[in-house]
Amino acid sequence: MANDGPRGRPLETAPAEDPQVLQQKRAAARAAAGWVTEGMRVGLGTGTTVSQLLPALAERELSGLRCVATSPQTETDALALGFHMEPL
């Protein structure tokens with residue numbers, strides 16, 4: 001499993017997030033997703049904030065996105081949501 005969580009721990013063993021922090025991450029992800037336009041090449045980072053970004057981007061149903069991921073887990077999650085992935 002990829003070590004995408006805080007300090008290199010796998011996400012499922014990372015400490016539970018404070019609900020307020022999670023809400024802030026979701027808000028940041030929605031705001032970031034709002035900047036993405038059709039046909040863009042999008043770099044997808046690693047960690048708990050990008051895990052909020054992926055569904056926010058998927059909800060927008062933008063066409064022609066070309067995504068690159070910095071971790072295998074992010075790539076797996078993005079592919080599961082139907083994103084077109086390109087090599088880094």
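Where is the place of Ala69? Ala69 sits in strand E2, which spans residues 66–69. This is a predicted model, in which local features need pLDDT of at least 70 and side-chain atom pairs count only at pLDDT 80 or more, while totals for chains, interfaces and linings use all residues. Residues are numbered from 1 along each chain as its sequence is written, and side-chain values use heavy atoms, with hydrogens and water left out.

Helices (H or I, at least four residues) and strands (E, at least two) are DSSP runs, numbered from the N terminus. Of the 88 residues in the protein, 31% are buried; buried stands for under 20% relative accessible area, exposed for over 50%, and partly exposed for anything in between (1.4 Å probe, protein chains only). The protein exposes about 5600 Å², and carbon and sulfur atoms supply 54% of that area. Accessible areas come from the Shrake-Rupley method with a 1.4 Å probe, and for residues only the protein chains shown count as cover. As for contacts (heavy atoms within 4.5 Å), 55% of those with a separation of 6 or more involve residues 24 or more positions apart.

Next comes the core. A nonpolar core is a set of buried Ala, Val, Leu, Ile, Met, Phe, Trp, Tyr and Cys residues joined through side-chain atoms within 4.5 Å. The largest one has 17 residues, of which Leu44, Leu57 and Phe83 touch the most other members. H1, E1, H2 and E2 are the elements that give two or more residues to this core, and H2 provides the largest share, with five residues. Helix H2 covers residues 48–60, and its buried residues are Val50, Gln52, Leu53, Leu54, Ala56 and Leu57. These buried residues pack against helix H1 (19–35), strand E1 (41–44) and helix H3 (72–80). Leu57, with neighbours within four places in sequence left aside, is in contact with Ala33, Val36, Val42, Leu44 and Phe83.

Not counting residues up to four places away in sequence, Ala69 touches Leu44, Thr74, Glu75, Met85 and Leu88. Thr74, one of these partners, belongs to helix H3 and is buried, with a relative accessible area of 3%. The Thr74 side chain also makes a polar contact with the side chain of Ser71, at 3.0 Å. A polar contact is a pair of N or O atoms within 3.5 Å; within protein, one must be able to donate a hydrogen and the other to accept it, and residues adjacent in sequence count only if both atoms are side-chain atoms.

Ala69 and Glu86 are 17 residues apart in sequence, with 8.1 Å between their C-alpha atoms. The structure holds one salt bridge, meaning a side-chain nitrogen of Lys or Arg within 4 Å of a carboxyl oxygen of Asp or Glu. Glu86 forms a salt bridge with Arg41, and the closest N and O atoms are 3.2 Å apart. Glu86 lies in the segment after H3 and Arg41 in strand E1, so the pair ties together parts 45 residues apart in sequence. Glu86 counts as partly exposed at 21% relative accessibility, and Arg41 is partly exposed with a relative accessible area of 47%.
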